Structure formats: C-alpha cells, structure tokens
Amino acid sequence: MPTLQRDGVTLHYRDEGQGICLLLLHAFPLSAELFVPQFEAFSQKFRVVAPDLRGFGKSTVGAGPTDMSTFAADAFALLDALGIGQAVVGGVSMGGYAAMAMLRLDPSRIKGLVLVDTHARADDDEGKARREELARRTEREGMEALIESMVPKLIAPDADPAVRARVERIVRAGSPEGAAAALRGMARRADSREILGRFAGPTLVAIGEKDAITPLERAREMAELVHGARLVTIPNAGHLSNLEAPSAFNRAMGEFLAALR
Ligand code: MLT
C-alpha cells in the first residue's frame, strides 16, 4: 500500500483505476479492507481511493482524540497529494461522520455523497459516556474487547461466517490506541444536520435492512435533509451493508455513479 505522511502520522491507502474519484472512508473499527468488494466492482470505471484512517489498519495514530475533522483534513491532504480536486465521497458509519466533516470543511470538493449505515446527529451524554467506557476497556484489554462488544452489532445475526471471520480479522489487526482515540473523537463530533441541509449535490443514502446500530429513521432523516437524495435499503445486510451484501449494494451504488458520469 502506498503511504502519505501528515502531521507525523503515516497514512496507508489504496488507489486504483482512473476517472472520477470515489473516495471511500471506512467504519469503526475497521480499515480500507472493508471496501474490497467496491474496488472489485468500480475500479474499472472509476478511480477508487480508500485510506486506512489514522489509527486503523496500517496507518499510525496521532496524539489525543481523533476528531472527525482530522479524518477529513487527512482525506483532503490525500486528494491533494494524488492531484484530485473533487471526489464522490462515500463513508460507512464513522466514515460517514468523516464524510460529513469533509462537507463542513470544503463542500466545493464534494462531487457527490454516499452515506452508508450512518447518521447526522451528535452523541448524547449517555452515548459519550458509553464511548469513554469502551475506549478505556479497549486500552486495558485490547482489540478483543471490541470484537466481543461490537462485532455482533456490526453484522447481521445470520451473516455469512466468512464475512464474520473477515470482520474479526480486520478488527484484530487494528490498534487499541487508534480505536480509543477515534471513540473519543466520535464522542466530540458535531451534529451535521445543518451541513447536510445546505448540500445540493447528488446523494445516496444506503442502510442495511438489519442494521442494529443505525435506526432506519436516522437514515431517512439524512435523505430528507439533502434535496433530491435517494434512500435505498440493502436486503439481508446489517451495519456493514457494502461488505455483507455486495451485489445489492454495488447495484445501488453503480446506478448512482452512472448518473454522475
Ligand atoms: C461504526 O461502525 O463506524 C460505528 O458503529 C460508529 C459509531 O459507533 O457511532
């Protein structure tokens, strides 16, 4: 994987194909490997770029909590380094929070948005406290704490065992410091409803029909905020719909991207 240095952090990323850039930002606590099915489906027709966000996969972590604005600034720095002006930005869950942070920083560079199993609201006090508890547990016990507490919610109960094994392997390869920093950053994130309400670019909102983390009404709320956005439900998928049901997900994304070309 090629790398980019930013603020003393080494960011690893994957970059394949040519044409309109599709920048993909992964969920917590995974890595760019979440997007293997999208590299396979789209890198013939598009330039698909996906970083391991700082603190995940092979990328190193910076000091303190990782704010969503830091992920966003990293993503813009990556686009700059690759000579890409505008991108269609797709984010799954935490990657969606980062995509909305990109929108807050510079909407002129967002050609379109794909918001997957994510939502626009900030954490309430209870949610913040739960994140801090999980951050401390992860620092104490390592990634197994996240596998135990999160994997059952990340994928549908009847998910293919191969998908479950793959998700566990990706989570296990991450670092407790990176995960704890992102948990603290997510707890501090801003509400993005107003930002979405101001965006007029093409937008697709996708949600797995069995998503146990993102309520359907939160996905619907995002689709209603962005003028002209489309909401699709991905059958037989949980919170990681692009990985659990790649055919249905890629069909929805393919139709959306085809309309942009
Ligand atoms: C994710 O999948 O990225 C997380 O569930 C996001 C969150 O915890 O809010």
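**Notebook: ligand site, sheet and selected residues**

Entry 1, the ligand. I looked up the surroundings of the ligand and found Ala 27, Phe 28, Ser 93, Met 94, Tyr 97, Arg 131, Met 150, Leu 154, Met 186, Ile 213 and His 239 around it. I note at the outset that the model is predicted. I then turned to the polar atoms. An oxygen atom of the ligand lies 2.7 Å from a backbone N or O atom of Phe 28. For Met 94, a polar backbone atom is 2.8 Å from an oxygen atom of the ligand. Tyr 97 takes part through its side chain, with a polar atom 2.5 Å from a ligand oxygen. I also recorded the surface: the ligand taken alone exposes 270 Å², and the protein buries 92% of that.

Entry 2, the sheet. I traced 8 strands in an open sheet, in the order E1-E2-E4-E3-E5-E6-E7-E8, with mixed pairing. Strand E1 (3-6) and strand E8 (230-234) each have a single partner strand, so they stand at the edges and one side of each is left without a neighbour in the sheet. From one strand to the next, the twist averages 20 degrees.

I began with E1 and E2, which pair in the antiparallel sense over 4 bridges. Thr 3 has His 12 in E2 as its bridge partner. The two strands E1 and E2 form a hairpin with 2 residues between them, and Asp 7 in the turn has a positive phi of about 55 degrees. I next followed E2 to E4: these strands run antiparallel and are joined by 4 bridges. Here Glu 16 stands opposite Val 48 in E4. Strand E3 (residues 21-25) and strand E5 (residues 87-92), by contrast, pair in the parallel sense over 5 bridges. In this pair I found Leu 23 opposite Val 89 in E5.

Helix H2 (residues 68-81) lies across E1, strand E2 (9-16), E3, strand E4 (47-51), E5 and strand E6 (110-116), and it runs at about 125 degrees to E1. I also followed helix H11 (residues 246-258), which packs on the sheet and touches E3, E5, E6, strand E7 (203-208) and E8. The direction of H11 makes about 175 degrees with that of E7.

I listed the buried residues of helix H9 (residues 216-225) as Ala 219, Glu 221, Met 222 and Ala 223. These buried residues pack against helix H3 (94-105), E6, helix H8 (193-198), E7 and E8.

I located Thr 214 in the loop between E7 and H9. Is Thr 214 buried or exposed? Its relative accessible area is 3%, under the 20% cut-off, and therefore Thr 214 counts as buried. A polar atom of its side chain lies 3.1 Å from the backbone oxygen of Asp 117. The side chains of Thr 214 and His 239 are joined by a polar contact of 3.5 Å; His 239 is also among the residues around the ligand. Apart from neighbours within four places in sequence, Thr 214 is in contact with Asp 117, Thr 118, His 119, Ile 207 and His 239.

I found Ile 195 in helix H8. Ile 195 counts as buried, at 11% relative accessibility. Leaving aside neighbours within four places in sequence, Ile 195 is in contact with Met 100, Leu 103 and Arg 104.

Key. Residues are numbered from 1 along each chain as its sequence is written. This is a predicted model: local features need pLDDT of at least 70, side-chain atom pairs count only at pLDDT 80 or more; totals for chains, interfaces and linings use all residues. Side-chain values use heavy atoms; hydrogens and water are left out. Two strands pair if DSSP finds at least two bridges between them. Axes are lines fitted to C-alpha atoms, for helices over the stretch in contact, and angles run from 0 to 180 degrees between N-to-C directions. Contact means heavy atoms within 4.5 Å. A residue is near a molecule or strand if one of its heavy atoms lies within 4 Å of it. A polar contact is a pair of N or O atoms within 3.5 Å; within protein, one must be able to donate a hydrogen and the other to accept it, and residues adjacent in sequence count only if both atoms are side-chain atoms. Accessible areas come from the Shrake-Rupley method with a 1.4 Å probe; for residues, only the protein chains shown count as cover. Buried means under 20% relative accessible area, exposed over 50%, partly exposed in between (1.4 Å probe, protein chains only).
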